[in-house]
Amino acid sequence: MAKTKSKKKVTGSFLAVVLIVAVGLVAAHFLDIFTLDDWKSLLGISDSSAEETAEVHFIDVGQGDCELVISQGEALLIDTGEKENAQAVCEYIREQGIDTIKYMLLTHQHSDHMGGASEIINSMEVENIIIPKLPEDMTPTTKFYENFLLSVQETGLKLTSAEPGSVYQIGECSLEIVAPVDVYDDLNNFSAASILTHGDDTFFFAGDIEKKAEKDILESGRMRDIDVLKAAHHGSSTSSCKDFLEVAQPDYAVICCGDKNSYNHPNTKTVERIRKYTENIYRTDIDGTVVFTSSGDELSVYTEKGNNPC
């Protein structure tokens, strides 16, 4: 009986100490003396929830491109689709719990890639804009581009030139610009192609580069084996050449194109070239929005329409 009594006494004392320490920690946290996050850091306790995963959304915007990267609450938006898609894209981004776009990367100055940029800049908080610098004689004089420049001016934003070798951090992800490498006479080849890395998982965003730009990227030595390929130019016959695919060796491919589009994208032969490297080919015209979740060493895929790879 004496042992039992002593045990209860010790247990009660221990609980009292724990309670005092807990109250002290809470008080220190609210008084900003030593926060709970400081204790977590000191004890090596990490928040394993959103820190360990990153998401890459290939948003269905019809015959256009739009990708959203989310990591640790930070967001990168690559292209926007046409103007008529802008509000739907804003709503989609907000549905993911994002209200600020850390980086907006506009691959090139065609409306199916950045027609909605002006409206998104006016509707959401955008911190940085990256875009290829064009020769003066190639700079567009189109209405959508004029509206874009006006929105940039009115919001006090500055344009950052897409330079190969530049690296940008989005949460746990890093984005390296790999193109444009040269000066071209075709706006598609001026696309700011990039590689996103999250742990061991890699994504290649091609914009609308064609065979000439693909060759230049290979010769620059910046291209490497990647996990997910955003097929260039909506799966056009002018892109995804054999030599490029041989280096990329994708495990997955995503083709962004509109349902029954007038360009007949994607090209059948291009799809067959890609299929030699992977059977995991997703298409926004068939699958709707495609979302990859990366753990850093493993990928899972969700499609809006629940389809298997085509």
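1. Glu74 comes out partly exposed, at 28% relative accessibility; buried here means under 20% relative accessible area, exposed over 50%, and partly exposed in between (1.4 Å probe, protein chains only). Glu74 pairs with Lys102 in a salt bridge, with 3.2 Å between the closest N and O atoms. The cut-off for a salt bridge is a side-chain nitrogen of Lys or Arg within 4 Å of a carboxyl oxygen of Asp or Glu. Since Glu74 sits in strand β3 (residues 74-78) and Lys102 in strand β4 (residues 100-105), the pair ties together parts that are 28 residues apart in sequence. Helices (H or I, at least four residues) and strands (E, at least two) are DSSP runs, numbered from the N terminus.

2. Before going on, keep in mind that this is a predicted model: local features need pLDDT of at least 70, side-chain atom pairs count only at pLDDT 80 or more, and totals for chains, interfaces and linings use all residues. Residues are numbered from 1 along each chain as its sequence is written, and side-chain values use heavy atoms, with hydrogens and water left out.

3. On confidence: pLDDT is the predictor's confidence in each residue, from 0 to 100. The protein chain averages 89, and 84% of the residues score at least 70. Among its elements, β3 has the highest mean pLDDT (99) and helix α1 (residues 2-30) the lowest (45). Residues 1-18 are below 50, and this stretch has zero contacts in the model beyond near neighbours in sequence. Residues 39-51 are also below 50, but that stretch has seven such contacts. A contact means heavy atoms within 4.5 Å. Where pLDDT is low, the predicted coordinates should not be read in detail.

4. Back to the charges. Side chains of opposite charge can pair when their charged atoms come close. The salt-bridge count is eight. One of them joins Glu176 and Arg222, whose closest N and O atoms are 3.2 Å apart. Glu176 is in strand β8 (residues 173-177) and Arg222 in the loop between α7 and β11 (228-230), so this pair ties together parts 46 residues apart in sequence. Glu176 counts as buried at 18% relative accessibility, while Arg222 is partly exposed at 30%. Glu176, Arg222 and Arg224 are linked in a network of salt bridges.

5. Arg275 is partly exposed, with a relative accessible area of 22%, and Glu272 is partly exposed at 40%.

6. Leaving out residues up to four places away in sequence, Pro164 touches Ile177, Val178, Ala179, Pro180, Val181 and Arg222.

7. Helix α7 (residues 211-220) has Ala213, Glu214, Asp216 and Ile217 as its buried residues. They cover an arc of only 160 degrees around the axis, which puts them on the same side of α7; the arc is that of the directions from the helix axis to the C-beta atoms. Their cover includes β10 (201-205) and α8 (242-248). After α7 comes Gly221, with a positive phi near 80 degrees.

8. Last, the cysteines. There are zero disulfides, taking a disulfide as a pair of cysteine sulfur atoms within 2.5 Å. For Cys90 the nearest cysteine sulfur, that of Cys66, is 9.4 Å away. For Cys257 the closest is in Cys256, at 7.7 Å, too far for a bond. Cys90 is buried at 0% relative accessibility, and Cys257 is buried at 0% as well.
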